[in-house]
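Reader: I would like to learn how to read a structure like this one. Please take me through it step by step.

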Amino acid sequence: MNRSNDLRPKSLGSGTSTVVTEALGQSEPFLEFQEQLSRVAPINRPVLLIGERGTGKELAAARLHYLSTRWQAPMVALNCAALSPSLIESELFGFEKGAFTGALQRRFGRFESADRGTLFLDEIGSIPMEVQEKILRVVEYNVFERVGSSESIEVDVRIIAATNADLNDLARKNRFKQDLLDRLSFEVLFLPPLRERKEDIALLAAHFAGRMALELGRDEIPVFSDEAIQALEKHPWPGNIRELKNVIERAVYRSDAVTIADIDVHPFHSPYGNLTPPVSIKAPSIETAPADANLWLKQPLKAAVWELKAKMLEAALRKAKYNQKKAARILGLTYHQFRGLYRQYKAGDNSRGST
Ligand SMILES: Nc1ncnc2c1ncn2[C@@H]1O[C@H](COP(=O)(O)OP(=O)(O)OP(=O)(O)O)[C@@H](O)[C@H]1O
Ligand SMILES: [Mg+2]
């Protein structure tokens, strides 16, 4: 069989060349999960990983592969939710030249690429029923046909599937094949959500902060204040470890100090409130309101601008509880610009106004 590289989809890599991020944690639920994972890894059967988004399913799949006897062969992944249902079949099983419009040459699918290795089917709940039928045949008899071909191809592939959907419910609604579910669920591992492993939050935060500081070329490893740790432990983390990683990386990049005190878990909170402008507030128009026009002209432009800046600065500082970084953000200024304005304000210098 011709297995030239250009016909093969990309795998996650193979053998020792791929660096797998180490899964960190010391909490009871995490250690128990890792133990179950290590136990099933060398067993040549499918595994189903179930967990909320960002809990580390992909990381767990990679670990299963590298702890299995297949570790030197490829681990190939397919995110089934990222493809239209019609594409999933040809991605998985490949196609022959001329199988459909646009099939200009034969292409191997993920099953062939993963031969002797592991195929990671992410978001398996998105696979259409007809394709599930074909997957079941590979799981049971190790054979399939490329799209547009009747030649049976034999492969030796271990399937690891992941989902955050309720597959039993989908099966009840006839949207997932019960037979396939039975075969894939040789072992079902549940990834603990971050809120159930609060003891790991400080550890993970320190890890992500250290990596971010390194990336930013900082000299010192950041640490978190007690209040920051409390804020981290209080948050429910619906996006789990991915969300924590983002929050920590943002906190590190925003902080100039080594001790991080500010944790912003909601970057979308607008300092300007609701995004729809209130209809009742209108800027006075000089043409339609001659009385207002005199109000606008009661002092020289420079003095009026300065007064406005001083008032806005005071209001922003009050709103930010005198945290200057937050105040800068409220005003839409960089911290540097804010400091410039603040210095002028402190000096009572109203003759400048370049900020
Ligand atoms: N225990 C852990 N230690 C360190 N990093 C982790 C751990 N678990 C997950 N991560 C990191 O968190 C992020 C999300 O993990 P991953 O992509 O494996 O989650 P997922 O469950 O597949 O998410 P989704 O359902 O959204 O696809 C990745 O950057 C991963 O490296
Ligand atoms: Mg994933």
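Reader: In which helix does L184 lie?

Author: L184 lies in helix α7. Helices (H or I, at least four residues) and strands (E, at least two) are DSSP runs, numbered from the N terminus. A word on the source: this is a predicted model, where local features need pLDDT of at least 70 and side-chain atom pairs count only at pLDDT 80 or more, while totals for chains, interfaces and linings use all residues. Residues are numbered from 1 along each chain as its sequence is written, chains are lettered from A and ligands numbered from 1 in the order in which they are written, and side-chain values use heavy atoms, with hydrogens and water left out.

Reader: Is L184 buried or exposed?

Author: First the cut-offs. Buried means under 20% relative accessible area, exposed over 50%, and partly exposed in between (1.4 Å probe, protein chains only). L184 has 1% relative accessibility, so it counts as buried. L184 and A161 are 23 residues apart in sequence, yet their C-alpha atoms are 7.5 Å apart in space.

Reader: Where is D182, and how does it score on accessibility?

Author: D182 is also placed in helix α7, residues 178–184. Its relative accessibility is 46%, so D182 counts as partly exposed. From D182 to N168 is 14 residues in sequence and 9.9 Å in space, C-alpha to C-alpha.

Reader: How many residues does helix α1 have, and what should they span?

Author: The rule comes first. The expected span of a helix is 1.5 Å times one less than its number of residues. Helix α1 (residues 28–40) has 13 residues, so it should span 18 Å; its end C-alpha atoms are 19 Å apart, which agrees.

Reader: Which residues of α1 are buried?

Author: In α1, the buried residues are F30, F33, Q34, L37 and V40. They fall within an arc of 135° seen down the axis of α1, so they line one face of the helix. The arc is that of the directions from the helix axis to the C-beta atoms. Here is the general idea. An α-helix has 3.6 residues a turn, so residues three or four places apart point the same way. On the other side of α1, E28 and R39 are exposed.

Reader: Now the ligand. Which residues come nearest to ligand 1?

Author: A residue is near a molecule if one of its heavy atoms lies within 4 Å of it. There are 18 residues around ligand 1, and L24, G54, G56, K57 and R242 come nearest. By class, this shell has 7 nonpolar, 3 polar and 8 charged residues. The classes are these: Ala, Val, Leu, Ile, Met, Phe, Trp, Tyr, Cys and Pro count as nonpolar, Asp, Glu, Lys and Arg as charged, and the others, Gly among them, as polar.

Reader: Which helices each supply at least two residues of that shell?

Author: They are α2 (57–66), α8 (201–215) and α10 (240–254).

Reader: What polar atoms lie by the oxygen atoms of ligand 1?

Author: A polar contact is a pair of N or O atoms within 3.5 Å; within protein, one must be able to donate a hydrogen and the other to accept it, and residues adjacent in sequence count only if both atoms are side-chain atoms. K57 has a polar side-chain atom 2.6 Å from an oxygen atom of ligand 1. For R242, a polar side-chain atom lies 2.9 Å from a ligand 1 oxygen. L59 uses a polar backbone atom, 3.1 Å from an oxygen atom of ligand 1. Taken alone, ligand 1 exposes 640 Å², and the protein buries 86% of that. Accessible areas come from the Shrake-Rupley method with a 1.4 Å probe; for residues, only the protein chains shown count as cover.

Reader: Which side chain does T118 contact?

Author: The side chain of T118 makes a polar contact with the side chain of H65, at 2.6 Å. T118 lies in strand β3. At 0% relative accessibility, T118 counts as buried.

Reader: What is the phi of R116?

Author: Most residues other than glycine have a negative phi. R116 has a positive phi of about 75° although it is not a glycine. R116 sits in the loop between α4 (110–113) and β3 (118–122). With 60% relative accessibility, R116 counts as exposed.
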